[in-house]
Structures are given as structure tokens and as C-alpha cells.
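Visitor: I would like to know what stands behind each label used for this protein. Please show me the structure, and then I will ask.

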Amino acid sequence: MSLVTRIKNLSNNKKITIAELERKLDFPYGSIRKWDEHQPGIKKIEKVADYFDVSTDYLLGRIDDPVPFKKTDKDNSNLRAIQRGAKELSPKDQELLLKYMQFTFKNISNGTFKHDTSKDNF
């Protein structure tokens, strides 16, 4: 099954059109339909995978199970997005990110982390 066919099937299951998907993901109109002839970049494939909460391997036809791991977390797509973002950092920046995350986890768990949830920025 081709990349475009898999995306069409996922879109149908979610009851959205390819054009709606392109708008939601800020892709140019008609671009997904061309992906069988011209492979998109990995960033676009990751965006589609995150939207449908499936693996990139599934979209690329490497596996047939859209969710090859057992879902134990409420939103695995957030964890995958964090992991992908961290991969783009230098090893030094990955270390710094890890320290920030450990500090934040500690403060959340002991109730000292304060964040204004009415705002989307820090």
C-alpha cells in the first residue's frame, strides 16, 4: 500500500478530506496527492504521523500495524515529538534539556512548579 493510500485511509477513518488534512498541517493544497511520485521530506511525514498518532514506519509501508507499540500513555504523539526535537539538538544541548526536564519533573511531583495555564507560553 502506498504512502498516499495509507494517508487517504487514515483520513477516511477520521472523516476528513485530504484537503482538510493539508490545511490543518499547513501543507500546500494538492501536495499530499503528489507524494507517490515525489517523496516528501521526513518532517512532513512526521507531521502526518503525529496528526494520526501512527508511526512513520506505518506511513512508509515498512510495517502494517499503524500503532506497533502498546499504548500505555495518554498521548504518545507528544512523547515522540519531544524525542524528535531532542534528536535535532547537539549532545551538549541534549544534556541541558535533560537537566531542565529533570528539574521540571521534580518540581511538578513535589507541587512547587507553577505555570499559568491560561497562557500557552512560558
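**Labels and their cut-offs**

Guide: Helix 3 holds the buried residues I45, E46, V48, A49 and F52. They span an arc of only 160° around the axis, so they lie on the same side of helix 3. The arc is taken from the directions that run from the helix axis to the C-beta atoms. This is a predicted model: local features need pLDDT of at least 70, side-chain atom pairs count only at pLDDT 80 or more, and totals for chains, interfaces and linings use all residues. Residues are numbered from 1 along each chain as its sequence is written, and side-chain values use heavy atoms, with hydrogens and water left out.

Visitor: What makes a run of residues a helix here?

Guide: Helices are DSSP runs of H or I with at least four residues, strands are runs of E with at least two, and both are numbered from the N terminus. The protein has six helices and zero strands. From the N terminus on, its order is α-α-α-α-α-α.

Visitor: Why is E46 called buried?

Guide: Buried means under 20% relative accessible area, exposed means over 50%, and partly exposed is in between (1.4 Å probe, protein chains only). E46 has 16% relative accessibility, so E46 counts as buried. E46 is in helix 3.

Visitor: Which residues does E46 touch, not counting those up to four places away in sequence?

Guide: E46 touches T56 and R84. Contact means heavy atoms within 4.5 Å.

Visitor: Is D53 buried or exposed?

Guide: D53 is buried, because its relative accessible area is 15%. D53 lies in the loop between helix 3 and helix 4 (56-59). D53 follows helix 3. Its phi is positive, about 55°, although D53 is not a glycine.

Visitor: What about D26: buried or exposed?

Guide: D26 is exposed, because its relative accessible area is 65%. D26 sits in the loop between helix 2 (18-24) and helix 3 (42-52). Its phi is near 60°, a positive value in a residue other than glycine.

Visitor: Why is R33 called partly exposed?

Guide: R33 has a relative accessible area of 44%, so R33 is partly exposed. R33 is in the loop between helix 2 and helix 3. Leaving out residues up to four places away in sequence, R33 touches V4, I18 and E22.

Visitor: What makes a set of residues a nonpolar core?

Guide: The members are buried Ala, Val, Leu, Ile, Met, Phe, Trp, Tyr and Cys residues, joined through side-chain atoms within 4.5 Å. The largest nonpolar core has 18 residues, and I7, W35, V48 and L59 touch the most other members. Helix 1 (3-14), helix 2, helix 3 and helix 4 each supply at least two residues of this core.

Visitor: Which residues does W35 contact beyond its neighbours within four places in sequence?

Guide: W35 is in contact with L3, V4, I7, F27, P40, K44 and V48. W35 counts as buried because its relative accessibility is 5%.

Visitor: Why is the pair of F27 and W35 called tilted?

Guide: Rings of Phe, Tyr and Trp (its six-membered ring) pair if their centres lie within 6.5 Å; planes under 30 degrees apart count as stacked, over 60 as edge-to-face and the rest as tilted. F27 and W35 are 5.6 Å centre to centre, with 55° between the planes. F27 is buried, at a relative accessible area of 8%. The whole structure has two aromatic pairs.

Visitor: What makes Y51 and F52 an edge-to-face pair?

Guide: Their ring centres are 5.0 Å apart and their planes stand at 85°, so the pair is edge-to-face. Y51 counts as partly exposed at 21% relative accessibility. F52 counts as buried at 11%.

Visitor: How do you know that a charge sits over a ring?

Guide: NZ of Lys or CZ of Arg must be within 6 Å of the ring centre and within 35 degrees of the ring normal. The charged end of K44 sits over the ring of F27, 5.5 Å from its centre. K14 lies over the face of Y51, 4.4 Å from the ring centre.
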